[in-house]
Amino acid sequence: MSTDQNILVKLNDAGLQLNNKWLVKGVSLQVEKGKIVTLIGPNGSGKSTTAKIALGIYKKIGGSVEKYTNKVGYVPQKISIDWTLPLRVNDFMMLTESLNKDTIDEALSLTGVIHLKDKNLGDLSGGEFQRVLLARAISKKPDLLVLDEPVQGVDFTGEIALYELIKKISDELSCGILLISHDLHTVMSATDHVVCLNGHVCCSGSPMDVAKNNEYKALFGEQASQILSRYQHKHDHIHTDEGEIKKN
Amino acid sequence: MFDDFFIRALVAGIGVAFVTGPLGCFVIWRRLSYFGDTLAHSALLGVTLAFTMEFNIAISVFVISSILALILIQLQKKTNLPGDALLGLLAHSSLAVGLVVVGFLTFIRFDIMGLLFGDILAVSVNDLLIIWIGGAFILLTLKFIWKPLFASTVNYELAEAEGLNPDRAKAIFTILMAAIIAISIKIVGLLLITGMLIIPAAMARNLSSSPQSMVIYSIIGGLLSVIIGLFTSLEFNTSSGPSIITAALLLFILSLFKIKQTIKLKN
């Protein structure tokens with residue numbers, strides 16, 4: 001049993017070895033109710049793998065995973081659905097759980113794709129399909145949401161709206177969210193805890209702490225560090241009415 | 001008008017069609033047609049064993065096919081050979097071993113053509129019981145594993161992540177495949193069983209827009225194929241299996257016209 005009732009999933013020194021090569025190693029993190037944990041890191045740094053370890057998709061892992069809920073919603077990064085399957089959006093919504101019409105309609109409305117309900121899944125655009133995936137994951141009102149780049153291919157305004165929605169869901173359902181994103185701008189404003197991966201945990205903490213971390217700077221560059229800290233930094237200067245910057 | 005044997009064949013064929021309909025859809029969705037073929041080829045070995053030991057054919061075939069499926073799963077895990085090569089290896093070697101054993105069984109006479117292509121004269125009341133009870137059991141089990149099996153067909157990781165246990169569903173489905181081959185061998189013949197699984201389902205795919213409707217069309221297609229095929233078999237004295245599969249093919253060709261119409265409407 002968990003000592004802390006709020007913990008939904010906990011990774012202890014977890015990792016995955018494939019063909020004698022560690023894809024990711026020594027990851028310890030936990031997701032709690034109502035909290036958003038974000039994984040960042042360059043391509044191939046093991047973000048998706050870590051998410052799948054947390055979900056229990058891999059059986060032979062290093063370390064251990066403690067999962068305290070079975071109500072999970074998952075938006076995978078890539079999804080290879082066989083488009084020859086006759087599958088409408090409505091059928092897809094009920095893939096892992098039977099839901100009533102109102103629940104389905106509500107979720108599809110939230111992500112702005114209610115008009116596609118009777119369309120064949122193969123006829124959707126990438127962005128539309130991504131919205132359907134997100135709708136499906138939230139419709140079952142899960143305790144734990146794992147979102148692997150949930151807004152890829154979504155248009156710019158939609159992207160902001162969906163991130164706001166994710167934040168809202170985490171508050172309303174008080175579910176824990178494990179989020180993977182490349183978009184440092186949008187994500188950092190909402191996230192509670194950041195884990196920076198590069199085959200291992202290179203640093204973790206609040207967005208502010210991570211931004212200050214030297215390893216993070218080395219990995220993403222100075223500019224990314226500024227992006228990250230923008231949302232939480234205290235002004236060390238004031239903007240004058242003329243638009244000039246004046247040091248305190 | 002009907003002789004008794006024909007009614008038995010008809011009832012048997014209808015029972016088989018009810019089960020091959022939904023199972024065939026999964027064979028298409030999960031791309032298992034060569035897997036089905038491999039299990040069917042191994043059925044010959046099961047039949048010869050049944051003859052040597054004076055055992056029930058359906059049960060013997062079921063056991064041999066299940067063992068073959070298990071061997072296949074193990075080989076997939078432990079070798080680096082591609083899946084289709086392993087399937088070919090098992091299909092042809094089990095067929096070959098089966099035929100060699102047949103060669104040794106000179107003391108027993110049995111109709112090899114009937115075995116390969118189905119024989120409506122061969123259906124006994126016992127077979128009817130096996131088909132209908134076994135078939136009901138297969139359908140009930142399929143209904144029970146439908147959700148995890150279908151979800152993992154769409155996307156394995158989603159099903160696993162959201163707690164549906166797709167591995168168990170897949171293992172059970174493999175057993176069901178062995179079972180359907182065992183019960184349909186008398187009526188369709190072991191070389192054509194995969195045809196009975198995939199052709200009505202392929203026809204159904206052309207007509208349907210949801211998984212449920214595909215299953216229903218697939219059952220209807222199978223039933224029509226069996227009825228048309230068996231009457232042809234009676235009328236022209238052809239083997240039952242090829243007659244049924246030819247009827248299924250005609251239905252599939254008809255279903256292509258429906259697609260043409262849909263495409264026209266879309267443009």
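## The six-stranded sheet of chain A

Chain A holds an open sheet of six strands with mixed pairing, in the order E5-E6-E7-E3-E8-E9. Strands E5 (72-75) and E9 (201-205) of chain A stand at the edges. Each has a single partner strand, so one side of each is left without a neighbour in the sheet. On average, neighbouring strands of this sheet are turned by 10 degrees against each other, direction ignored. The model is predicted.

Inside this order, E6 (residues 144-148) and E7 (residues 176-180) of chain A pair in the parallel sense. Five bridges join E6(A) and E7(A). In one of them, Leu144(A) has Gly176(A) of E7(A) as its bridge partner. Helix H4 (residues 126-139) of chain A packs on the sheet, touching E5 and E6 of chain A. The direction of H4(A) makes about 170 degrees with that of E5(A).

Strands of a sheet pair through backbone hydrogen bonds, either parallel or antiparallel. E1 (residues 7-18) and E2 (residues 21-32) of chain A take the antiparallel sense, over eight bridges. Here Gln17(A) stands opposite Trp22(A) in E2(A). The hairpin of E1(A) and E2(A) has two residues between the strands. In this hairpin, Asn19(A) takes a positive phi near 50 degrees.

E1(A) also pairs with strand E4 (residues 62-67) of chain A. This pairing is antiparallel, over five bridges. Asn12(A) stands opposite Ser64(A) in E4(A).

## A helix pair in chain B

In chain B, helix H2 (residues 33-52) and helix H3 (residues 57-78) have axes that come within 8 Å. These axes cross at roughly 135 degrees. The crossing is right-handed.

Which residues of H2(B) meet H3(B)? They include Leu39(B), Ala43(B), Gly46(B) and Ala50(B). By class, the contact of H2(B) with H3(B) has twelve nonpolar, four polar and no charged residues.

## Where chain B touches chain A

The contact takes 18 residues from chain B and 19 residues from chain A. Three elements of chain B give two or more residues to the side that touches chain A: helix H6 (125-154), helix H7 (156-161) and helix H10 (211-236). H7(B) gives the most, with five residues. By class, this side of chain B has nine nonpolar, five polar and four charged residues.

How values were computed: Residues numbered from 1 in each chain as written. Chains lettered and ligands numbered in written order. Predicted model: local features only at pLDDT ≥ 70, side-chain atom pairs only at ≥ 80, totals over all residues. Pairing = 2+ DSSP bridges. Helix = DSSP H or I, 4+ residues; strand = E, 2+ residues; numbered from the N terminus. Axes fitted to C-alpha atoms, helices over the stretch in contact; angles between N-to-C directions. Contact = placed C-beta atoms within 7 Å. Nonpolar A, V, L, I, M, F, W, Y, C, P; charged D, E, K, R; others polar. Left-handed = near helix turned anticlockwise from the far one by under 90°.
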